[in-house]
Every structure is written in structure tokens, then in C-alpha cells.
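Here's a quick briefing to keep open next to the model.

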Amino acid sequence: MRDAYERAGVSQAAANSAVEALARSLRGIDTGKPSRVVPLPGHYASVVRLDDRAGLALSTDTVGTKMVVAERLGRYDTIGIDCVAMNVNDVICVGAEPIAMLDFILTERADPAVCEQLGVGLAKGAELAGIEIPGGEIAQVAEIVSGHELGGTCVGLVDLDAIITGAAVEPGDPVIGLPSSGLHSNGYTLARTALAGVALGDERLGRPLGEVLLEPTEIYVRAVLDLLRSPVDVRGLVHITGDGLNNLGRLAGEVGYEIDDPLPVPPVFRLIRELGRVSDHEMHEVFNMGCGFCCVVAAEDAEDALELLRGHYPSARQIGRVTAEAGVVARR
């Protein structure tokens, strides 16, 4: 039997195969000169060498079908925050400081009122992340899309000898979880399918469902940069997106992870699980389940790291630890 996400129209297995097929072609690029790419297979952002010391980190992403919720509500003033968040949160995973982003609006028809609202969110997100948005692009392609999609490409700077890959992670290192603000920008096809029978104005979660679904993705840049600039030995940084805490497995190193004290699960996830009849296993494979970012630090620095991170997120806590079970992410 197919999982609920696949029945809703999204096959993660097909997506993974498609990415690998694309990557096979791109690996054959021959520029006629030495490659500038720093090998970081499976990580969140790519890094290219600028010179012998500095690297340029790059990431690109969209807000996905969260835009459908914005369109149904006729409200676009927060979705730009999501676009910034999905990009800058990836860039910081390699230890880079995001500095700028370009936005890309794919639309059926350019609407000044909608674009103005999108700009409001993009500007707010940029301020929260401490980046600039010096330009972008709008493409009107009515033959291809109905409505709008918003994406971006972010760049950051990182010293080559300071790139965070997870290679230094060791068994016993603590995994610190930072809370999410809700669904963020992943799994919306499944969420919308599960909640199709609930009006966007329904307030069983304490406020209108539409507001809950449009809650902007948390931007973790300032907290993580503070951690990187501290004496704490930061060994791994993980943006928890699609695949949930399984994203920990994207870090380098022949290790595993045990999550035995997860952060609280926001009520919206329980509603999706109940109404969509989604298994607990699949919920944890699709959604962040309340944890939007993880920091892996040296065991001796756990308390210092927690003290610093709690200055940004009071509910941050150690949710698990690194194990010697290579490739296994276990939840107890």
C-alpha cells in the first residue's frame, strides 16, 4: 500500500531518483580548468572555492505548495519569509554566513498587488536573516503554471577551513534541537490533503487554521552564527526539512543518531495525523514534528551551547546523541 504522501501526489522515492539522474549529468561538466567545487555530497549547500582560503556557499529552494494556502486566503505578505528561510537555513548548515539572495517569481500573470505583498515578506525575511536582496526575476508563464510560485537562491561566505560537514562528529556528542514554528515549508501537499475537510477559518487549534498553515518558517541564522562565533566546538548543523530528523544522516561521518527526548509536537501535526490517517512513522519522515534545526556539538561544550542557544530559543534542549550505529537515525 502506498504511503499517504504518495497518495496525495508526492513520491519521495521518485524525487530522490530524479535528483540522482540530474546529478549524474551535472557531474560530467568539463570547464577545461580545475573544478572550484568543494566536495560535499548530500549536504544542504554547495561550496565553490573563491581562492585558497575563501568559499562561496550556494543554495536554492522554493516555498512549494505552501503557496496554495496563501492563494486560497488571498494573503501573500508572509510567504516571502518562508522563501528566505528555506534558503538561508540551508546555507548556514555548512558554517557559512548568508549575505544575499535573489528571488524568482513564477506566475501565470504578474499582479502588482500580489508582488507587493510578496516583497513585504521577502524584506522582512531578509532583515531577520541579515541579508540583502539586490535583485530577482519574474517570469509570466501562463502555459506552465496556474497561480504563483516563489523561490530564491542564496549565497554566503565561509572560510574553507571552517566548513561544517559533520565529519568531526563522534559517538556521544549531544544533538541539540531548536523548535520549529510549525510546518515550515515542507509536506504541504500531504497536509492540505489531510485537512481538506477543515475550513481555513476553523479555530480548533486556537486560531484560524489558515493562520496556522501560513505561520512563517523560522529563520535560525542569528542563533547559529552566534554559536559558530563562540568557543563552542560545532561539529554538525542540520536544517530539518522533508525527511524530518532523518536529515541528520546527511552529515558526513560513519555514525548514527538516537533521539530519546524530542521537542514537543505542535497540535497541527496531531490533527494531520488524525484526519489524514497518516502513520506515526510517515509523519516523522515527512514533517519536522516540532524541531526545525539541530546542532551537534562536542560533548564537553553541551552546556555552553545550550546556554547560548536558549538566549534565542528558551525551549532549546538536548534531544539525543550521536551513536556508533552508522547510518541509523533511531527514535526511542
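Helix α4 is largely enclosed by the rest of the structure, because 13 of its 13 residues are buried (buried means under 20% relative accessible area, exposed over 50%, and partly exposed in between, with a 1.4 Å probe and protein chains only). Keep in mind that this is a predicted model, where local features need pLDDT of at least 70, side-chain atom pairs count only at pLDDT 80 or more, and totals for chains, interfaces and linings use all residues. Residues are numbered from 1 along each chain as its sequence is written, and side-chain values use heavy atoms, with hydrogens and water left out.

- Helices here are DSSP runs of H or I with at least four residues, strands are runs of E with at least two, and both are numbered from the N terminus.
- N186 is found in the loop between β7 (174-179) and α6 (188-194).
- With a relative accessible area of 19%, N186 counts as buried.
- Beyond its neighbours within four places in sequence, N186 is in contact with M86, T241, G242, V286 and F287 (contact means heavy atoms within 4.5 Å).

**The sheet from β1 to β6**

- Six strands make an open, mixed sheet, ordered β1-β2-β3-β6-β4-β5 (two strands pair if DSSP finds at least two bridges between them).
- Its edge strands, each pairing on one side only, are β1 (37-38) and β5 (132-140).
- β2 (residues 46-49) runs antiparallel to β3 (residues 54-62), and four bridges join them; V47 stands opposite A57 in β3.
- β4 (residues 97-107) pairs with β6 (residues 148-159) in the antiparallel sense over 10 bridges, and A100 has V155 in β6 as its bridge partner.
- β4 also pairs with β5, in the parallel sense over seven bridges; there, T107 is partnered by Q140 in β5.

**The sheet from β7 to β12**

- Another six strands form an open sheet with mixed pairing, in the order β8-β10-β7-β11-β9-β12.
- β8 (234-239) and β12 (329-331) are the edge strands, each pairing on one side only.
- On average, neighbouring strands of this sheet are turned by 25° against each other, direction ignored.

**Helices α8 and α11**

- α8 lies across β8 and β10 (291-297), at about 170° to β8, while α11 lies across β7, β10 and β11, at about 5° to β7.
- Axes are lines fitted to C-alpha atoms, over the stretch in contact for helices, and angles run from 0 to 180 degrees between N-to-C directions.
- α8 (residues 221-228) and α11 (residues 302-310) pack at an angle of about 145°, with axes 9 Å apart.
- In this contact, A223, D226 and L227 of α8 meet A305, L308 and L309 of α11.

**R310**

- R310 lies in α11 and is partly exposed, at 38% relative accessibility.
- R310 touches A316 and R317, not counting residues up to four places away in sequence.
- R310 and A223 are 87 residues apart in sequence but 9.0 Å apart in space, C-alpha to C-alpha.
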